[in-house]
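Please look over the notes below with the model open beside them. They are arranged as numbered points, beginning with the way the parts of the chain meet.

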Amino acid sequence: MKAVVFEKFGEAPTIQTVPDPKPAADGVVIKVEATGLCRSDWHGWMGHDSDITLPHVPGHELAGVVVAAGKQVSRWKAGDRVTVPFAVGCGRCFECTSGNHQVCEHQSQPGFNAWGSFAEYVGIEHADTNLVRLPEEMEFATAASLGCRFVTSFRAIVDQGRVTPGEWVAVHGCGGVGLSAIMIASAMGANVIAIDLTDEKLDFAKKIGAVATINASTTPNVVKAVKQITNGGAHMSMDALGHPTTSFNSIANLRRRGRHVQVGLMLGEHARPQVPMDKVIAFELEILGSHGMQAYRYTAMMEMIRTGKLKPELLVGKKISLEEAPAALMAMGSFEGIGIGVVTKFQ
Ligand SMILES: [Zn+2]
Ligand SMILES: [Zn+2]
């Protein structure tokens, strides 16, 4: 099969012909029909992720068709249209058996500790626990765009952030994660403030539900601006970018007993940011992480998509070919266009 391969961190990946994957006894092989481009792939390529061994095939936001299933697989067969969360749970550890596959102790992450989906085919372990069936009407590109940023935002807003109607939600950063969060929080009935450095992304944020925007490049004090708009601070706030400044602001702009959810990755030199711990104590703030979402929780999200309350297809950006993927991957560190770029052409 054809795959995007990198042999050294930070050096240009190339398209290579590599052996086709074979299904594990409890796994499947999926013919990849669409795979999203994500900043996590860029972090992995830069060498920020210690799970990656070289040579490596990136890609973790995938949708496609099952072509082969191992002997122990009972729920899936060739021809099934599927997607999968980026954190693939073992189904047997304490976290999995208590329903928290997203933090499985033995999770496999295709595109990180296993070869990923920037390829014609990808192998996925523990298929019965992790695969998610796609609704007939859902395009592969839309399904691929759910796999990481949309589901992580769903869990961040709904399960971790526990957003309720009428609350103020601040979203710092309007890339794929941020825009997903804005759409989901609005659908939950919250009042959402979008914060970004570019008016273009803020205009788009308004179109998908934000009721207020702050351009951080022209606003001297973002925390003060959020507190003014919300009459005292956000109830829930998210750092969707993953930067010491946005993370700090997202905690500092909360009202008493507010919840901060960190979704943007903090790796390398950014891994240990400053936290306004004085405020965390005095205001009884909660600081939470959000790491993907369990396959079984996709059901609620899929129903909100089916009924039109969530429209992830609006967040799909550029569609490109596998040949164009290496250049697009290398560019993720410096620039992210509006929406989620997706590879949809593999030949
Ligand atoms: Zn991702
Ligand atoms: Zn597990």
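1. In this predicted model, domain 1 and domain 2 bury about 2,000 Å² between them, 70% of it on carbon and sulfur atoms, where buried area is the accessible area (1.4 Å probe) that two parts lose on being put together, summed over both. The protein chain is divided into domain 1, made of 2–148 + 293–345, and domain 2, made of 151–289, with bounds that come from an automatic or database domain assignment. Across this boundary, 27 residues of domain 1 are in contact with 20 residues of domain 2, contact meaning heavy atoms within 4.5 Å, while the centres of the two domains, taken over C-alpha atoms, are separated by 26 Å.

2. On conventions, residues are numbered from 1 along each chain as its sequence is written, and chains are lettered from A and ligands numbered from 1 in the order in which they are written. Because the model is predicted, local features need pLDDT of at least 70 and side-chain atom pairs count only at pLDDT 80 or more, whereas totals for chains, interfaces and linings use all residues, and side-chain values use heavy atoms, with hydrogens and water left out.

3. Which residues hold the zinc ion (ligand 2)? Its protein donors (N, O and S atoms within 2.8 Å of the metal, or 3.2 Å for Na, K and Ca; water is not among the atoms, so sites may look incomplete) are the SG atoms of C90, C93, C96 and C104, lying 2.3 to 2.4 Å from the ion. The 4 donor atoms subtend angles of 102 to 118° around the zinc ion, and the arrangement is therefore tetrahedral, a label given to four donors if all angles lie between 85 and 135 degrees.

4. The donor residues of this zinc ion follow the spacing C-x2-C-x2-C-x7-C in sequence. C93 lies in the loop between β5 (81–83) and α2 (94–97) and C104 in the loop between α2 and β6 (121–124), so the pair ties together parts that are 11 residues apart in sequence; helices (H or I, at least four residues) and strands (E, at least two) are DSSP runs, numbered from the N terminus. Both C93 and C104 are buried, that is, under 20% relative accessible area, with exposed meaning over 50% and partly exposed in between (1.4 Å probe, protein chains only).

5. M236 has its place in strand β11 (residues 234–239) and is buried, with a relative accessible area of 0%. Leaving aside neighbours within four places in sequence, M236 is in contact with residues including W168, L254 and R259.

Definitions and conventions
Four donors count as tetrahedral if all angles lie between 85 and 135 degrees; four count as square planar and six as octahedral if opposite donors are over 155 degrees apart and all others between 65 and 115; anything else is irregular.
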